[in-house]
Each structure stands twice: as structure tokens, then as C-alpha cells.
Amino acid sequence: MLKKPEIKSAPTSPSADSDSALKGKRSIYFEEARAFTPTPIYDFDRLVPGTTLSGPAIIETPVTTIVVNPKDQAMVDEFHNVRLFVGAQE
């Protein structure tokens with residue numbers, strides 16, 4: 001029988017800063033802009049709960065890549081999930 005995993009929440013910080021997770025920038029093509037756009041690239045493991053990113057942005061994780069399109073926002077919640085808010089910047 002598998003042991004039930006312990007899921008722990010972490011406190012969120014309204015002043016969480018994404019600068020420490022910034023890996024660099026790359027030109028990424030976004031259909032909305034119809035052009036390559038300089039886009040910040042973030043390391044998921046260094047994002048803390050409460051961090052909010054405005055698109056365009058890329059979040060690289062060990063298992064996937066998360067694209068935050070222009071006009072969208074991403075927020076890291078207390079369980080270290082990335083929540084996307086489509087059209088949050090319109």
C-alpha cells in the first residue's frame with residue numbers, strides 16, 4: 001500500500017521578488033505580437049509562493065515549460081503550483 005503523501009503549504013509573500021529566479025532573456029515568437037519578443041526566462045525551483053509574473057514570460061521546470069503569454073499573468077500559490085490568469089493585463 002502506498003503511503004499518503006504529506007502536502008504542506010508555504011506562506012505566501014505579497015512582496016515576493018522574481019529577480020532571484022531570472023535565468024536570462026530569449027527572443028520568443030508570440031502570435032499576439034506577430035514578432036519575436038524579448039522574454040524573461042525563470043527557474044521554477046527558485047520562484048517562491050506569492051511571486052507574480054506578467055507575460056510574456058517563460059517558466060522552466062524539471063518536467064515542463066510554462067508559457068505566460070502577453071496580457072496573461074502567472075502566480076505561484078502556497079502549494080508551489082503555477083496559476084495562470086488569462087487576459088489579466090487587458
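**A sheet and a buried threonine**

Ile 58 stands opposite Val 67 in S5. That pairing belongs to a predicted model, in which local features need pLDDT of at least 70, side-chain atom pairs count only at pLDDT 80 or more, and totals for chains, interfaces and linings use all residues. Residues are numbered from 1 along each chain as its sequence is written, and side-chain values use heavy atoms, with hydrogens and water left out.

Start with the strands. S4 covers residues 57-60 and pairs with S5 in the antiparallel sense over four bridges. Two strands pair if DSSP finds at least two bridges between them. Both belong to an open sheet of four strands, ordered S1-S2-S4-S5, with mixed pairing. Its edge strands are S1 (22-30) and S5 (65-68), and each pairs on one side only. From one strand to the next, the twist averages 30°. Here axes are lines fitted to C-alpha atoms, for helices over the stretch in contact, and angles run from 0 to 180 degrees between N-to-C directions.

The protein has zero helices and seven strands. Helices (H or I, at least four residues) and strands (E, at least two) are DSSP runs, numbered from the N terminus. The elements run β-β-β-β-β-β-β from the N terminus on.

Now look at Thr 39, in strand S2 (residues 35-43). Is Thr 39 buried or exposed? Thr 39 counts as buried because its relative accessibility is 0%. Buried means under 20% relative accessible area, exposed over 50%, and partly exposed in between (1.4 Å probe, protein chains only). The side chain of Thr 39 reaches the backbone oxygen of Thr 37 at 2.8 Å. Leaving out residues up to four places away in sequence, Thr 39 touches Gly 24, Lys 25, Arg 26, Ile 28, Phe 30, Pro 56, Ala 57 and Ile 58. Contact means heavy atoms within 4.5 Å.

Turn next to the rings. The structure holds one aromatic pair. Tyr 29 and Phe 36 form it edge-to-face, 5.4 Å centre to centre, with 70° between the planes. Rings of Phe, Tyr and Trp (its six-membered ring) pair if their centres lie within 6.5 Å; planes under 30 degrees apart count as stacked, over 60 as edge-to-face and the rest as tilted. Tyr 29 has a relative accessible area of 42%, so Tyr 29 is partly exposed. Phe 36, at 59% relative accessibility, counts as exposed.

Finally, the whole protein. Of its 90 residues, 33% count as buried. Its C-alpha atoms fill a box of roughly 50 × 30 × 25 Å, taken along the principal axes.

Methods. Polar contact = N/O pair within 3.5 Å; in protein donor to acceptor, adjacent residues only side chain to side chain.
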